[in-house]
Amino acid sequence: MKRKVASRRLNRTCICCNKSFVKGEIYYIERNVLKEFGEIFACEYLVCPRCKYENERKGERRKQFIESGKCHHPITDEIWKTIAGEDYVKEPSHTECCICGEVV
Ligand SMILES: [Zn+2]
Ligand SMILES: [Zn+2]
């Protein structure tokens, strides 16, 4: 994530809170390059300093929670996987905790 200063009013807004940026304001830009189906997609999004901070704090808290081993896996999700040799046919593979990602 790159820190930048708006040189003019930006057309794009913060992806999290929809805040707009005027000249002189600090914003962060994140560029993701995805490769799917043999094609490359680049997507860029802007994040305001407040949302960046919030996300980092949440990420840190989540990490501490997981590392402490306190997760009782309250929310689980069935993970479906594509069957080997098939392109679109999926079958249930396993159940995963949505919070810590452990297989339950
Ligand atoms: Zn924001
Ligand atoms: Zn869990």
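Let's start with the zinc ion, ligand 1. Four cysteines coordinate it through SG: Cys14, Cys17, Cys48 and Cys51, at 2.3 Å. Keep in mind that this is a predicted model.

What is the geometry of this site? The angles among the 4 donor atoms run from 102 to 116°, and the site is tetrahedral. For reference, the ideal angle for four tetrahedral donors is 109.5 degrees. Along the sequence, the donor residues follow the spacing C-x2-C-x30-C-x2-C.

Cys14 and Cys48 are both buried.

Cys71 has 10% relative accessibility, so Cys71 counts as buried. His73 has a relative accessible area of 22%, so His73 is partly exposed; the cut-off for buried is under 20%. His73 belongs to the loop between H1 and strand E4 (76–82). Its phi is positive, near 50°. Most residues other than glycine have a negative phi.

On to the sheet. Which strands make it, and in what order? It is an open sheet of 3 strands, ordered E1-E2-E3, with antiparallel pairing. E1 and E3 are at the edges with a single partner strand each, so one side of each has no neighbour in the sheet. On average, neighbouring strands are turned by 30° against each other, direction ignored.

Look at the pairings one by one. E1 and E2 run antiparallel over 4 bridges. Within that pairing, Val5 has Ile26 in E2 as its bridge partner. E2 and E3 are also antiparallel, over 9 bridges. There, Val33 stands opposite Ala42 in E3. E2 and E3 form a hairpin with 2 residues between them. Phe37, in the turn, has a positive phi of about 50°.

Back to the loop between E1 and E2, where Asn18 is placed. Buried or exposed, what is Asn18? Its relative accessible area is 56%, so Asn18 is exposed. Phi of Asn18 is positive too, near 65°.

Now the helix. H1 has 19 residues, and at 1.5 Å a residue they should span 27 Å. The end C-alpha atoms of H1 are 27 Å apart, which agrees. After H1 comes Gly69, with a positive phi near 70°.

Last item: aromatics. How many aromatic pairs are there? The count is 1. The partners are Phe21 and Tyr27, with ring centres 5.6 Å apart and planes at 45°, so the pair is tilted. Phe21 and Tyr27 are buried.

Technical notes:
Residues are numbered from 1 along each chain as its sequence is written. Chains are lettered from A and ligands numbered from 1 in the order in which they are written. This is a predicted model: local features need pLDDT of at least 70, side-chain atom pairs count only at pLDDT 80 or more; totals for chains, interfaces and linings use all residues. Side-chain values use heavy atoms; hydrogens and water are left out. Donors are N, O and S atoms within 2.8 Å of the metal (3.2 Å for Na, K and Ca); water is not among the atoms, so sites may look incomplete. Four donors count as tetrahedral if all angles lie between 85 and 135 degrees; four count as square planar and six as octahedral if opposite donors are over 155 degrees apart and all others between 65 and 115; anything else is irregular. Buried means under 20% relative accessible area, exposed over 50%, partly exposed in between (1.4 Å probe, protein chains only). The expected span of a helix is 1.5 Å times one less than its number of residues. Two strands pair if DSSP finds at least two bridges between them. Axes are lines fitted to C-alpha atoms, for helices over the stretch in contact, and angles run from 0 to 180 degrees between N-to-C directions. Rings of Phe, Tyr and Trp (its six-membered ring) pair if their centres lie within 6.5 Å; planes under 30 degrees apart count as stacked, over 60 as edge-to-face and the rest as tilted.
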